[in-house]
Amino acid sequence: MRHEELDPGHEPGRREIVMITEWHEHIRKAYGSAIGRSRRELITPALIMDLDVVRRNIKFMTERLSTLPARLRPHVKCQKNTELARLQVDAGAIGVCTATVWEAIVMSRAGIKDVLIANQVGGCEKIAALAREAKHGYLTVAVDNPKNARDISAAVQEAGSKLDVLIEVDVGMGRGGVRSAKEAVTLAQHLARLPGLRLRGVQGYEGHCMLEPDQAVRIQKATAAMDFLGTVINSLSAAGFPCEVVSSGGTGTYDITGNNPRVTEIQAGSYVFMDNFHGSLVPGFSKALTVLGTVVIQHGNTIVLDSGRKSIGIDFVLPTMADYPFYQARYFAEEHALFDVDERCGLKLGDTVELVPGYAPTTVNLYDAYHVVEKDVVVDIWPIIPRGPGHGGILAG
Ligand SMILES: Cc1ncc(COP(=O)(O)O)c(C=O)c1O
């Protein structure tokens, strides 16, 4: 079931692209005065995307995966941006995956032809929005529960659409996913009786492995996770449900899980920006995302930047100053980042400095837009998909 087959008369995304374009224009106008400025001269805190580095990261991932059996379906929850998704698809990605239905709708309306919501969608209005969108774009959603599947089936019948589904399997993370092969088969049998839904395979996200700093242990854990997924795939196949799609992996395991011949696609996303957390796990990628801050307070050896945790993600690992990576922050308050420095630090009151996020996915969502930089100058403003349905006419259907 492809986009064109669903509605042959529908010019892909015409009206929707207008809505998304209007939203983008609004953001570009609001931040456009930054275009042409040096990356160190922006109003702070400012989110900066180094496009040269992003292109290198995309190229590196494309080249690495071209030597492995799995294809790439980048997770866009980290970037929340359609221009970047387009660059990834143009470089060979088979489509994208998203965390939320709203991200999926924006991606689909922006012309990304194959979108997987790599999570369960719950709540009647979100399910209805998903079902309506499936009239126009090719969407797939993860399910792990018969009631949720029934609700989605009822919504697509109401909307006059169809959806593909993947059964999510818990491969050790203990979040979403059926817990056993038996449960997977029972759910597959249930799905087969539900109109409007077509089972295409499984998703098994080994998120618990991403947190493992020791590479040997990570390989061991990721392999065990995929072995379990393999037993579920075998049971499904024996029960008459062959898995055409096996979707797994993240930045921390892309080269381990991507090398498993049963896995058809890898869901890595953060590789595009890298951050202190992911950068410590996998080599070969560079830091493309920074937050520009200003020194607003200085007392003795303490400098305080105007970029606290309302401006930068601190999950898992703390942010560092790009030019002074050897200082560990003392504290990230809401609006303030505190560093105790010494004679190696040349920063004075009023100076700007770039911070590398601890965690990029919880940095991006704090901003409206990226300052897109090439050769250290802002060349464009790219909007970030806001949370929820309240933009770009999404709920208008
Ligand atoms: C379902 C799913 N797939 C893949 C990923 C991998 O993302 P990343 O490459 O950013 O670690 C995540 C991260 O949270 C996820 O939840």
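Two residues are in contact if their C-beta atoms, placed from the backbone, lie within 7 Å. On that basis, residues 24 or more positions apart account for 69% of the contacts in the protein with a separation of 6 or more.

A word on what we are looking at. This is a predicted model: local features need pLDDT of at least 70, side-chain atom pairs count only at pLDDT 80 or more, and totals for chains, interfaces and linings use all residues. Residues are numbered from 1 along each chain as its sequence is written.

Overall shape next. The protein has 13 helices and 17 strands. These are DSSP runs, numbered from the N terminus: H or I over at least four residues for helices, E over at least two for strands. The radius of gyration, taken over C-alpha atoms, is 22 Å. Along the principal axes, the C-alpha atoms fill a box of roughly 70 × 50 × 35 Å.

Now the sheet. Eight strands make an open sheet, ordered β2-β9-β8-β7-β6-β5-β4-β3, with parallel pairing. Pairing here takes at least two DSSP bridges between two strands. At the edges stand β2 (71-72) and β3 (96-98), each with a single partner strand, so one side of each has no neighbour in the sheet. Inside the order, four bridges join β4 (residues 114-117) to β5. L116 stands opposite T140 in β5.

On to burial. A residue is buried if 20 or more other C-beta atoms lie within 10 Å of its own, exposed if 12 or fewer, and partly exposed in between. By that count, 50% of the 397 residues are buried.

Which helix is largely enclosed by the rest of the structure? Helix α6 (residues 124-133) is, because seven of its ten residues are buried. Among them are I127, L130, R132 and E133. The cover includes α5 (101-109), β5 (138-143) and α7 (146-159).

The largest nonpolar core holds 119 residues. Such a core is a set of buried Ala, Val, Leu, Ile, Met, Phe, Trp, Tyr and Cys residues joined through C-beta atoms within 7 Å. V141, I152 and I167 touch the most other members. Helix α10 (residues 215-238) gives the largest share, seven residues. Leaving out residues up to four places away in sequence, V141 touches I117, V121, L130, I152, L163 and V165.

How values were computed. Rg over C-alpha atoms; globule rule 2.2 N^0.38 Å.
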